[in-house]
Amino acid sequence: MSDSFDLVVIGAGSGGVRAARIAATYGARVAIVEEYRVGGTCVIRGCVPKKLFVYASRYKDLFEIAPSFGWDVGTPSFDWATLVANKDKEIARLEAAYVAGLEKPGAEIIRDRATVTGPHSVKLQKSGRELTAGTILVATGAHPFIPDIPGKELAITSNEAFHLEQLPHSILIEGGGFISVEFATIFSGLGVNTTIVYRGDKLLRGFDEDLRTGLEAGLEARGVKIIHQTNVLGLRQTGDDVTVSFSDGIDAPFGAVMFATGRSPNTSGLGLEAVGVELEEDGAIAVDEYSQSSVPSIYAVGDVTNRAQLTPIAIREGHAFADTVFGDRPTAVDHSLIGEAVFSEPEVGTVGLSEHDAATHGDIDVYVTRFRPMINTLSLKSDRMMMKLITRADGGEVLGVHVLGPGAAEIIQMAAIPMGMKATKADFDRAIAMHPTAAEELVTFKKPSYVYRAGVKQP
C-alpha cells in the first residue's frame, strides 16, 4: 500500500467528500482521512437528521387541523424510539452512499485521526502511518460551542440531541440562532415543554426584522417560552432534573438543558500552527478566495474556515478547490448571495438584503403581504404567512426576498435564481401567477407597501 498521494483530505464531511471525489475524477491519487463517520455533520448529526425530526414534529399541527378537512384521527400518540431508529437507518444508508461515491473514482478512505506534520506530510494517529501529499486539504468542520460555566457537563448540544434515550419532560435551549429555534420546534412539536433563553432582544440576529418578529410570534403560539436578554450562569443536578441559574437571579429546574450557542472550527490538535498555517482569532483557517492557506500546499474548505457555516457552501468550496488545483480551472466561490433556510415553525426562508441593510444601499421599495396559509383556512388556526420583496426604487433590481410560513425554504431556493441573474421587479411581474399558491404573492404585488427615500421610511 502506497503512502504517497496527490491529495490527502482530512475530514470526510460534505466539503471534503466533494473535493476528494472530484479530484479523483480528474485522475488524482486521493486519500481521505476520517476519524468518525463518512458524511460529516450535515449527514450524520446535522441537516439531514434535523430535517427528519422537524418533519416528525410537524405532525402535531397536521393532526390539529385534520378534523377541519373531515378526518377523524382519534388520539395521536408518538414513539420517540421509533423515530430515532428510523433516522439511524436513513443515516446509515446515506453514509454508505457517500462511501460508494468516494470509492468509485478510486479515493482511498482511511478511518483514523490525522495531524499535519509538514507542508506535504500527514501522520495517522492510530496506525502511525505517514502519508505524503502534493496537496493537503483540511475539511474538518466545526463543533458546538459550550460556554465555560459551572455544571456545563450536565448539558447537551445538537450532537447528543439526536441520540437521547428518551424525551425530557421539559428542556431549556440557550441560543438565538438556527439551531436553537429548529430544536425548539422539534422538541415542542413532540410534546416537550420548551423554553429558549437568549442574551439578545430578539431571535435570529441579522435576519430581516419582520422575519424575526413573525418567527417569535409563531413559536410562542406553539407554546415555546422565550426569555430575552438573559444568560445561563450555571447548572447543577437536582434529582432527575438540571437546575439552571440565570443571570437575572432566577433558578429553575428543567428535564434537560441544551446549548445552541454557535459552533467553533475544528482546528485544535491538527498541527497546523506548527507548520505555519495562519489561524483566525476564532481558530478558523485563514484562506484566500481559492481556499488556499498561508502555506501554499495546504488548503481548507467548509466550516473550518468559518466563511459561511452552511453545507451547500462547503460542497461548492470543495468542488471549486478540486477544479482549481486538479482540473486546471481556477474557480473562486461567490459568497455574496447566499440563501438561508431555518426549518422552524413557522419556517423561514431568506435571500439577499434585509430591509434595514437594503435601506443603506440607496432608495428602495418594500412590498409586504401577510395572510393565513390556505391549509389553515378551514380551521381555527390563526397563523399568518409573511412575504416581503425589496427592490431598488421604482421597480428596480430585486435586493431581497423574505418568506415566513409553509414552504418558505422551497420558495426561496427558486427566488435565488432570478436574484442571481439580477432580476428586476418587472422580471418578477412577467411570471404568470400559479393559483392558488402562496408563492404567487411574489409576482402579483401591485404597488409598494412603503418606500425608503434618502434612508427615511415613507408610507
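1. Helix H8 is followed by Asp 328, whose phi is positive, near 55 degrees. The model is a predicted one: local features need pLDDT of at least 70, side-chain atom pairs count only at pLDDT 80 or more, and totals for chains, interfaces and linings use all residues. Residues are numbered from 1 along each chain as its sequence is written, and side-chain values use heavy atoms, with hydrogens and water left out. Helices (H or I, at least four residues) and strands (E, at least two) are DSSP runs, numbered from the N terminus.

2. H8 covers residues 311–326, and its end C-alpha atoms are 22 Å apart, in agreement with the 22 Å that its 16 residues should span at 1.5 Å a residue. The expected span is 1.5 Å times one less than the number of residues. Among the buried residues of H8 are Ile 313, Ala 314, Glu 317, Phe 321 and Asp 323; buried means under 20% relative accessible area, exposed over 50%, and partly exposed in between (1.4 Å probe, protein chains only). The buried residues of this helix pack against several elements, including strand S1 (4–10), helix H1 (14–25), helix H3 (47–65) and strand S6 (130–138). Contact here means heavy atoms within 4.5 Å.

3. Gly 175 sits in the loop between strand S8 (170–174) and helix H6 (178–189). Its relative accessibility is 6%, so Gly 175 counts as buried. Apart from neighbours within four places in sequence, its contacts are Ser 180, Ile 196, Val 197, Tyr 198, Leu 203, Ala 260 and Thr 261.

4. Thr 369 belongs to strand S19 (residues 364–371) and is buried, at a relative accessible area of 16%.

5. The salt bridge count comes to 30, where a salt bridge is a side-chain nitrogen of Lys or Arg within 4 Å of a carboxyl oxygen of Asp or Glu. One of them joins the side chains of Arg 129 and Glu 108 (3.3 Å, N to O). Arg 129 lies in the loop between strand S5 (121–124) and S6, and Glu 108 in strand S3 (residues 108–111), so this pair ties together parts that are 21 residues apart in sequence. Arg 129 is buried, with a relative accessible area of 15%.

6. Arg 222 and Glu 345 also form a salt bridge, with the closest N and O atoms 3.2 Å apart. Arg 222 is in the loop between helix H7 (209–221) and strand S10 (225–228), and Glu 345 in the loop between strand S17 (340–342) and strand S18 (348–352), so the pair ties together parts that are 123 residues apart in sequence. Both Arg 222 and Glu 345 are buried.

7. In helix H11 (residues 425–430), Arg 430 and Asp 427 lie 3 residues apart, about one turn of the helix. Their side chains meet in a salt bridge of 2.1 Å, N to O. Arg 430 is exposed, with a relative accessible area of 60%, whereas Asp 427 is partly exposed at 31%.

8. Which cysteine counts as buried at 12% relative accessibility? That is Cys 42; Cys 47, at 31%, is partly exposed. The whole structure has 0 disulfides, a disulfide being a pair of cysteine sulfur atoms within 2.5 Å.
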